[in-house]
Amino acid sequence: MRPAARRGVILAALLTALFLAPTAVASAHPLGNFTINHYNGLTIHPDGIDLLAVVDSAEIPTLQQLPRTDTDGDGAVSAAEGRRYATESCADVAAAVTASVGGEPLRFAVRSAEVSYPPGAADLSITRLSCRLTAPADLAQPTTLAFRDGYLSDRIGWREITAVGEGVGLPESPVPATSVSDQLRNYPNDLLTTPLDVRVAELRTVPGGLSSPGASSLGAAPEASDLDRLLGGLTSRFNDLIGERLTPFVGILAVLLSLVLGASHAALPGHGKTVMAAYLAGSRGTARDALVVGATVTLTHTAGVLVLGLLISTFSTLAGDRVLGWLGVVSGLLVAAIGAGLLRSALRARRAAAAGEPADGVLAPLPALVGASGGHGHGHGHGHGHGHGHGSPALARLGRGSLVGMGVAGGLVPSPSALLVLFAAIGLGRTWFGVLLVLGYGLGMAGTLTAVGLLLVRLRDRLEERLVRVRANERLARLMAATPILTAVLVLVVGLGLAARGLTGTV
């Protein structure tokens, strides 16, 4: 068997084992391992309101809370430590949620407080805090009940409110009577692209009635795509591998999955990495330039995960999702700055070409695109775009600083999945393995960027060669002349969009 065929057989066997091997249930927090999720279940009686408030903290916030819960520092939360933590936290919840009946504010008191630590992804624990609160109120007459959840309002996560009446009717309730997530136990896949963010509810109440059905539906929600389900399954399997006995097969499979997940992360919309590839093509980038950007992405992402992991481990109050948001802002502004510089250079090149003069840092126009075909090419022999001025000035090759800057922007926002894997490996005493997988994740990201960049550079060169042979018409020549400007505008707009996403916490 030839070596290439043998390698193909081995890879196929590994992938087959991956999909046939038993897998655990899907990630407990498909919305992200930084999230803190809230459920508020209101039960309304004629003489008061009962509230079941559940706070579901994902793996990374749970790790950060450990110094607060594990007061004796033995690495485990005892029953007494759990009760203390639950009591303190539920008191905070009671102070943060607000309600009023007919404009009169209510005051919630804690009836019971419980905390548990179910298993999460990569053999890490999550935190489930359950607080039963009550507040006296007079609902014997028709009135209005207003409720607001202000607990940890700055943290990203699922927010859900339900309401039922017992002896009180809730006509046209804006919230459902039953939890779509089973009180944060099972997040529906078809709502992950548009997660619930319900923090307030205003209900009309009338006397009588044993119960109220509330809102019967959340409306039509988009179903998870096959790609989303595939990536979710791969991520779950990847997390499961961290806790398995480390054998050569498990190690190789984990590294392969880190490469695949890193590559898929780079291809997802919203990160701007493929725009960098377009940037390479539109700015006269070469294959070497694409490799430089890819290598910088790998180094930046790997270093970012390690540094953020150190900060989160050191500072328990540091909100990782907010750090990611600010890094997203910095990344977007860096991309926008490069785009602005690219636009300035493209406009200067266009003016120089129109004036028939070479500009600093600008390559000569493509000679075959000047003058086009059909006898309209006045002055095409001069190569400066005289006559109709349809020359196609192209930007000079990028400086090393711009290339590195674009790579830094691409890898600056660490992947929460890679960070989770690092924490899990450290907890198992396999720090070196965690660093290796984080590096594999970065290499996968860089691979996608480099491959797309090389493809676009190759297609650009082929197109220019064909245009030289067929002597393109004037319309196509105009389009080619505008390509550097269009590319620069695209990079600038995407950079500003990434910065805006970071500011709104949607990185």
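Helix H3 (residues 79–96) lies across strand S3 (97–101) and strand S7 (143–149), and its direction makes an angle of about 40° with S3. The model is predicted. Its secondary structure comprises 12 helices and 10 strands, and two open sheets of 5 strands each are described below. Of the 507 residues in the protein, 47% are buried. Among contacts with a separation of 6 or more, 79% are between residues 24 or more positions apart.

**The antiparallel sheet**

- The strand order in this open sheet is S4-S3-S7-S10-S9, and the pairing is antiparallel.
- Strand S4 (104–105) and strand S9 (168–169) form the edges, each pairing on one side only.
- S7 is joined to S10 by 6 bridges in the antiparallel sense; within this pair, threonine 144 has arginine 204 of S10 as its bridge partner.
- S9 pairs with strand S10 (residues 200–207) over 2 bridges, again in the antiparallel sense.
- Opposite valine 168 stands proline 207 in S10, while glycine 169 faces valine 206 in S10.
- Strands S3 and S7 of this sheet are the two strands that helix H3 lies across.

**The mixed sheet**

- A further open sheet has the order S5-S6-S2-S1-S8, with mixed pairing.
- Its edge strands are strand S5 (109–116) and strand S8 (159–165), each of which pairs on one side only.
- From one strand to the next, the twist averages 10°.
- Strand S1 (residues 36–45) runs parallel to S8, and 7 bridges join the two.
- Threonine 43 has valine 164 as its bridge partner in S8.
- Helix H2 lies across S1, strand S2 (48–57) and strand S6 (127–136); H2 runs at about 95° to S2.

**Aspartate 70 and the loop between H2 and H3**

- Aspartate 70 is located in the loop between helix H2 (59–69) and H3.
- Aspartate 70 is buried but has no salt bridge.
- The nearest side chain of opposite charge to aspartate 70 belongs to arginine 84, at a distance of 8.5 Å; a salt bridge would require the side-chain nitrogen to be within 4 Å of a carboxyl oxygen.
- A side-chain atom of aspartate 70 does, however, reach the backbone nitrogen of aspartate 74 at 3.2 Å.
- When neighbours within four places in sequence are set aside, the contacts of aspartate 70 are with Gly75, Ala76 and Glu81.

**Salt bridges**

- The structure contains 7 salt bridges.
- One of them links the side chains of arginine 68 and glutamate 88, with an N to O distance of 3.9 Å.
- Because arginine 68 belongs to helix H2 and glutamate 88 to helix H3, this pair ties together parts that are 20 residues apart in sequence.
- Both members of the pair are partly exposed: arginine 68 has a relative accessibility of 40%, and glutamate 88 has a relative accessible area of 38%.
- Arginine 199 and aspartate 197 form another salt bridge, in which the closest N and O atoms are 2.8 Å apart.
- Arginine 199 is partly exposed at 23% relative accessibility, and aspartate 197 is likewise partly exposed, with a relative accessible area of 48%.
- Salt bridges with shared partners join Arg68, Glu88 and Asp92 into one network.

**The loop between S9 and S10**

- Aspartate 182 is placed in the loop between S9 and S10, and leucine 184 lies in the loop between S9 and S10 as well.
- Aspartate 182 is not a glycine, yet its phi is positive, at about 55°.
- Leucine 184, also not a glycine, has a positive phi of about 70°.
- The accessibility of these residues is as follows: aspartate 182 is partly exposed, with a relative accessible area of 43%, whereas leucine 184 is buried at 4% relative accessibility.
- Aspartate 182 also forms a salt bridge with arginine 185, the closest N and O atoms lying 3.5 Å apart.
- Arginine 185 counts as exposed, its relative accessibility being 51%.

Methods
Residues numbered from 1 in each chain as written. Predicted model: local features only at pLDDT ≥ 70, side-chain atom pairs only at ≥ 80, totals over all residues. Heavy atoms only, no water. Pairing = 2+ DSSP bridges. Helix = DSSP H or I, 4+ residues; strand = E, 2+ residues; numbered from the N terminus. Contact = heavy atoms within 4.5 Å. Axes fitted to C-alpha atoms, helices over the stretch in contact; angles between N-to-C directions. Buried < 20%, exposed > 50% of the residue type's maximum accessible area, 1.4 Å probe, protein only. Lys, Arg positive; Asp, Glu negative; His and termini not counted. Polar contact = N/O pair within 3.5 Å; in protein donor to acceptor, adjacent residues only side chain to side chain.
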